[in-house]
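Please look over the model shown below before reading on.

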Amino acid sequence: MKNYIKIIILALVLNSCGKAISNIAVEDRLEHSETLKLYKGDKIKFWTKIKYRYENALELGYSVIIYKNGEFYKQYNYNPLSTNPRYLSSDERWIISKKKNPDWKRYNENRFTIFGWKKNKDEREDHQKQKYIIKYGIKKNVKGKNNPVFTVKEDGEYTFAAKLNIDTENSFKIIKAKIILRK
């Protein structure tokens, strides 16, 4: 009996995500579009799947412009980093640069005297303690659903034009980015 309940709950959770009807790849930062025939009452959910790496903090977003039968209908702006909930999110560090510290000083913990080994007091400054200066960046992988959901009010052909917007070019690289349209 418990297994049946688990299977029913799993089926409900998977069904709530919706069926993927289209993918729009946006990793090249150009506008890409997808045209779909939709009917009244259809609900389109916008999911984000993005994998990227960066050095400094950044503002990342994408816009989806919806055209109905070739004319402008609506526009949504989403932040893919604030998906709700985050089904897949991971952070990983990567080394941008590693240089030898010019101020580094060797520290001898013990010294030998005529009375035996004595401990030295560490008199170095903080900037003299690290042998290497390492600069890190972040790799991030995010997948999740964005809000609000687009509800179709009339039958027709809808074109979804999506574009990724980034405010910085400072050591930022998109590995993979796509918007998944789900019903």
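Is Tyr-62 buried or exposed? At 2% relative accessibility, Tyr-62 counts as buried, where buried means under 20% relative accessible area, exposed over 50% and partly exposed in between, with a 1.4 Å probe and protein chains only. This is a predicted model, in which local features need pLDDT of at least 70 and side-chain atom pairs count only at pLDDT 80 or more, while totals for chains, interfaces and linings use all residues. Residues are numbered from 1 along each chain as its sequence is written, and side-chain values use heavy atoms, with hydrogens and water left out.

**Aromatic pairs**

- Twelve aromatic pairs are found in the structure; rings of Phe, Tyr and Trp (its six-membered ring) pair if their centres lie within 6.5 Å, and planes under 30 degrees apart count as stacked, over 60 as edge-to-face and the rest as tilted.
- One of these is the tilted pair of Phe-46 and Tyr-76, with 5.8 Å from centre to centre and 55° between the planes.
- This pair links distant parts of the chain, since Phe-46 is in strand E3 (residues 43–54) and Tyr-76 is in strand E5 (residues 71–78), 30 residues apart; strands (E, at least two residues) are DSSP runs numbered from the N terminus.
- Phe-46 is buried at 0% relative accessibility, and Tyr-76 is also buried, at 10%.
- The ring centres of Tyr-62 and Tyr-78 are 5.5 Å apart and their planes meet at 45°, so this pair is tilted.
- Because Tyr-62 lies in strand E4 (residues 60–68) and Tyr-78 in strand E5, the pair ties together parts that are 16 residues apart in sequence.
- Tyr-78 counts as buried, at 6% relative accessibility.
- Phe-46, Tyr-62, Tyr-76 and Tyr-78 are among the members of one aromatic cluster, which also includes Phe-150 and Phe-160.

**An exposed loop position**

- Pro-102 is placed in the loop between strand E6 (86–100) and strand E7 (110–113), and at 70% relative accessibility Pro-102 counts as exposed.
- Pro-102 and Lys-131, 29 residues apart in sequence, are 8.3 Å apart in space, C-alpha to C-alpha.

Notes: Helices (H or I, at least four residues) and strands (E, at least two) are DSSP runs, numbered from the N terminus.
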